[in-house]
Amino acid sequence: MKRWMRVAIPFGLLTAAVTGTLIVHAVEQPDPDDPEYLTPVHVQEISGGTLAERLVAEGVTVERATSTEQAVTAVTKAGRATLFLSTPDLADLPQLRRLPRGTNIVAVAPSELSLRRIDWPVAVEGSHWTSTVTDPGCADPVATAAGPAAVLRTAYRADAGTTCYAGGLVSFSHNGLFVTVAGSPDPFRDDRIAEHGNASLAVGLLSRDTRVVWLDVHEPDVTPTTPPPTQPTFAYTPDPNATDEYYDEDYYGDGDGDGGYGVPGGGDGQGEAEGEGDGEGDGESNAGGGSPLRDDPFLNSLPSTFWATLLLLVLILIALAIAAARRLGAPVTEPLPSQVPANETMLGHARLYAVARARDESMLVLRDAARRRLTTHLNLPPDAGTEQIAHAAGLPVRYVRDILDRDPPESNSDLVEAATLLQGLVRDVTGTHTDEGDPS
Amino acid sequence: MVTRRFALLLALGLPAPILLPQPWLALGAVFGFALLLALLDAAVAGPLTGIALERAGERTVWLGGSATVTLTVANASGRTVRLRLRDSWVPSAGAAPLYHKLTLTPGSAKTVATVLTPTRHGDRPAVRVTLRSAGPLGLAYRQRRQTWHDKLTPPWTLRVLPRFPSRRILPERLARLRVVDGSAVTRGRGHGTEFDNLREYVIGDDVRSIDWRASARAHDVVVRTWRPERDRRVFCVLDTGRTSAVRIGDAPRLDACIDAALLLSVLATRADDRVDLLALDAAVRARVEGGGHRSKLGRLINGMASLHPELAETDFTLLGQEMLRRDRKRALLVIFTALDTAPMIAGLLPILPKLAARHKVIVAGVRDPIVTRLAELPADANATDVHQAAAAHRVLAERDRVRDVLAHSGATVVDADAGDFAARVADVYLLLKASGRL
């Protein structure tokens with residue numbers, strides 16, 4: 001095994017395990033886009049059918065709404081009601097400002113972005129890998145009655161109001177609305193509602209009124225209204241210290257002023273602007289028919305100056321690309337000479353000897369070469385023995401035999417010593433340093 | 001086609017959509033204005049059809065030197081042409097500068113010079129001159145298709161003569177040749193076997209050289225003088241096959257062979273021998289034979305300059321067909337090749353006895369100096385050095401076997417490191433010349 005693989009394999013396995021776990025975890029998470037997610041009409045794993053049935057059993061009327069507009073209308077039209085936001089991230093939260101005072105809202109795991117959009121005085125404090133069961137730890141009667149429940153996944157922090165389940169359940173009043181934010185969908189899901197005190201908690205939260213409007217949206221729910229042209233950013237980012245009256249007036253003022261919204265210069269041929277114009281009077285059709293990008297309020301809020309400048313920048317880049325694309329003459333090619341060194345085979349052999357630790361073979365080659373040079377130099381027949389060589393060279397036979405007929409080298413140091421002795425002997429006898437290729 | 005300046009013009013218009021009340025209108029105005037200017041510029045730019053090109057300059061250069069080739073650009077049109085010109089050569093021609101800029105008024109001509117410093121010998125062609133005519137504003141230009149430029153480009157080829165590092169040892173070898181020739185020493189004529197002339201006997205002359213018949217006629221003792229043979233034939237055979245392509249140091253083996261062949265050719269020409277050249281691999285690549293004595297060396301150098309290694313096995317039967325022709329006179333056949341076992345045993349060996357029977361054959365092989373260096377153990381050797389020495393000795397032993405086999409077949413083998421290869425070949429020639437064995 002190569003050395004780098006010894007390091008790479010454990011780390012590779014670890015990386016694969018971590019990546020695999022993350023992927024499986026992500027896949028296992030219920031997706032608010034899933035039509036089954038916390039819907040009251042089905043009784044399935046991630047649906048909320050069981051909860052709806054239990055609410056009905058408690059004598060609570062459950063009304064399902066498929067858009068925020070519809071839900072707000074349903075809450076507004078008759079008496080007090082609790083609005084259950086099963087997918088607050090997909091709902092058109094700014095519309096909730098139209099809700100009558102005193103309405104109960106229960107939102108399931110809203111994201112930081114959604115909280116900022118609706119400007120509730122609550123922030124995400126952290127999130128857990130899975131839903132955690134905790135004790136209520138507060139005086140809220142519903143939580144106390146329910147006992148331990150698996151509602152802590154996203155932890156929230158509210159400046160005012162009641163915080164239960166270590167941030168898993170936060171209740172507060174805001175602009176006359178009584179809002180409860182639950183940190184996990186588990187207590188409302190069919191497959192988890194029976195665990196711990198989940199059922200009591202979910203039913204308790206939603207049975208404060210005799211009527212529950214269940215907002216069941218699984219696609220981004222868009223509003224037909226947009227901010228006025230004088231405000232390029234969102235019109236619903238108000239001063240948090242402002243009074244309720246201010247918001248109501250501001251909001252309703254927007255809703256009434258039908259003629260005042262739209263992108264400036266929207267009449268000069270832009271598709272976005274036209275699509276928007278069509279949707280002015282019919283919020284439902286616009287929400288169903290327009291693409292998410294086209295109806296993105298952020299994009300719609302950008303002025304046409306921005307788009308014109310952007311297009312000019314693109315044109316500049318295209319001009320630069322065209323200017324660079326045309327070459328002044330194509331590159332010229334020619335065949336390259338061979339790059340193979342003459343000694344490649346020889347060095348390859350040497351590496352093979354070294355890798356195979358072929359000490360015997362190397363020594364054999366060196367000895368044969370030495371014998372050949374000695375016999376040639378001493379004018380002896382090629383098969384002359386060691387004694388003949390010793391006599392001809394005038395050296396002690398034992399000395400020459402020790403060098404020429406030495407035992408095979410056992411170690412590298414042995415090999416180096418034997419080869420050095422052999423070279424010394426040849427140099428002593430022939431008096432030369434290199435193998436000169438004399439013309440024969 | 002637009003230039004970068006066009007993009008710059010658009011960039012200058014960037015504030016317009018921001019500052020003006022109608023951004024889309026401003027955008028359209030900026031783009032339309034720039035486009036209009038660019039179109040006008042392209043329309044006003046000088047036409048390329050009136051341009052004529054002409055080349056002049058050096059045709060040959062030694063490798064390592066520089067040559068200058070000029071290009072005269074004439075404008076026959078009625079408008080001023082602002083040209084940007086690229087003179088493309090093959091990369092190994094080392095052409096610089098690549099780009100030229102010139103403005104040609106109607107009817108005028110200007111000359112640009114390209115300095116070539118080639119990196120390889122052989123023919124280095126000029127490939128293409130590409131022209132671009134810019135408008136006066138520099139927003140747009142005219143440029144025609146590549147095929148049009150190919151037709152317009154005047155052909156030119158620079159012949160790069162091979163490197164001749166053995167030039168430095170040439171004077172010394174020529175001095176030795178003069179000694180052999182007898183012209184450089186005061187005592188007597190040179191050694192040789194060819195009759196030169198008769199002169200009076202002086203004390204010290206070899207009595208065996210006395211011409212008794214002439215002495216009788218002249219009433220004095222007259223001796224014959226001898227000189228080395230002249231008008232011998234030397235046939236340089238360059239193997240341009242795959243074994244010549246491998247690199248020894250930073251140059252192909254063929255370069256070392258060409259260097260040695262050049263030295264031999266110069267020496268032999270000075271010694272009044274006739275030098276011919278044959279370069280072959282799978283086919284005959286170059287042949288320089290016959291012709292005048294004086295122009296021969298130039299033709300040989302030219303012939304060698306065009307050679308380059310082919311990745312093909314050398315077919316020595318072609319050599320046999322050439323050298324064993326009935327009308328072929330005896331020659332000194334010097335085969336510049338590599339003493340690799342397989343090509344020698346399978347290729348040259350079968351025809352070598354026949355060649356050696358009719359000609360004097362020298363087989364000259366270039367050796368990589370690294371083999372000799374690695375065969376010797378350094379002072380602080382380790383096991384790797386020993387293995388390398390063993391591999392080097394293995395190569396040397398194989399080469400010795402090839403040398404023995406070739407020598408046994410009647411060839412003289414020269415096997416030397418690339419550094420002194422040419423000198424060794426020249427020495428063998430001088431030895432044969434001095435001993436009258438050519």
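**View 1. Helix α16(A) passes helix α13(B) in a left-handed crossing.** Left-handed here means the near helix is turned anticlockwise from the far one by less than a right angle. Helices are DSSP runs (H or I, at least four residues), numbered from the N terminus. This is a predicted model, where local features need pLDDT of at least 70 and side-chain atom pairs count only at pLDDT 80 or more, while totals for chains, interfaces and linings use all residues. Residues are numbered from 1 along each chain as its sequence is written, and chains are lettered from A in the order in which they are written.

**View 2. Here's the geometry of α16 (residues 412-430) of chain A against α13 (residues 383-408) of chain B.** They pack at about 50 degrees, with axes 9 Å apart; axes are lines fitted to C-alpha atoms over the stretch in contact, and angles run from 0 to 180 degrees between N-to-C directions.

**View 3. Who touches whom between α16(A) and α13(B)?** N412(A), L415(A), V416(A) and A419(A) meet A383(B), V386(B) and A389(B), contact being C-beta atoms, placed from the backbone, within 7 Å.

**View 4. Zooming out, 49 residues of chain A are in contact with 71 residues of chain B.** α11(A) gives the most to chain A's side, with 12 residues. That side has 27 nonpolar, 17 polar and five charged residues.

Definitions and conventions:
Helices (H or I, at least four residues) and strands (E, at least two) are DSSP runs, numbered from the N terminus. Two residues are in contact if their C-beta atoms, placed from the backbone, lie within 7 Å. Ala, Val, Leu, Ile, Met, Phe, Trp, Tyr, Cys and Pro count as nonpolar, Asp, Glu, Lys and Arg as charged, and the others, Gly among them, as polar.
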